Amino acid sequence: MQTAGTLVSSVLPLTEVLVVADCWQTEPEAEAVIHRAINAAAEIADADVGDTELAVMLTDDAGIRTLNSNWRGIDKPTNVLSFPALQPAAGAPRMLGDIAIAYETTRKEADEEEKPFDHHLSHLAVHGFLHLIGHDHEKDDDAEAMEDLEREILAQLGIPDPYADRGRMD
């Protein structure tokens with residue numbers, strides 16, 4: 001980012017959203033929703049994400065099923081997957097990693113939970129981002145801390161507690 005001829009360091013990661021499945025065409029605001037969610041998460045989470053990059057791939061159930069099978073050995077679609085990047089040698093741009101979000105599963109969950117699609121998409125983007133910066137939900141204490149952070153970030157976006165009526169995300 002440049003301002004008046006000087007280089008200014010950003011505290012927000014550079015987020016590239018890649019739409020790789022036609023089904024996302026029904027959600028023209030998806031890219032903006034993801035950028036807002038990631039930026040809110042980056043501002044609230046306690047992590048050094050300035051001058052970093054990440055990619056969010058908007059795919060379909062078939063695409064995420066392949067990723068889930070190849071990387072986790074689970075042969076079924078899921079809503080979101082995160083792939084933290086290995087850190088490069090000094091001087092290279094820092095990649096946080098990649099997030100993949102499946103349209104059909106996200107739509108089905110939003111409909112079943114009777115919540116706006118953009119709220120659920122925001123939650124999945126935040127959830128994926130938190131995984132990229134080192135959060136997980138393998139242990140109960142870690143899950144509780146991650147969910148509390150998700151609630152705080154989503155509240156900043158005006159989105160109600162996604163865990164109020166259901167259990168944890170897998």
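Helices here are DSSP runs of at least four residues and strands are runs of at least two, both numbered from the N terminus. Keep in mind as you click around that this is a predicted model.

**Stop 1: the whole chain.** Switch to cartoon view and trace the protein along its sequence: the pattern reads β-β-β-α-β-α-β-β-α-α-α. That gives you five helices and six strands. If you colour by accessibility, buried residues come to 41% of the 170 residues.

**Stop 2: the aromatics.** Four aromatic pairs turn up in a search of the whole structure. For one of them, select Tyr 103 and Phe 117: the ring centres sit 5.6 Å apart with the planes at 50 degrees, so this pair is tilted. Now show the helices around them. Tyr 103 belongs to helix 3 (residues 103–112) and Phe 117 to helix 4 (residues 117–132), so the pair ties together parts that are 14 residues apart in sequence.

Are Tyr 103 and Phe 117 buried or exposed? Both are buried.

Stop 3: Zoom in on Asp 142, which you'll find in helix 5 (residues 140–156). Why does Asp 142 count as partly exposed? Its relative accessible area is 35%, and partly exposed covers the range between the under 20% of buried residues and the over 50% of exposed ones.

How values were computed. Residues numbered from 1 in each chain as written. Predicted model: local features only at pLDDT ≥ 70, side-chain atom pairs only at ≥ 80, totals over all residues. Heavy atoms only, no water. Buried < 20%, exposed > 50% of the residue type's maximum accessible area, 1.4 Å probe, protein only. Phe/Tyr/Trp six-rings, centres within 6.5 Å; stacked < 30°, edge-to-face > 60°.
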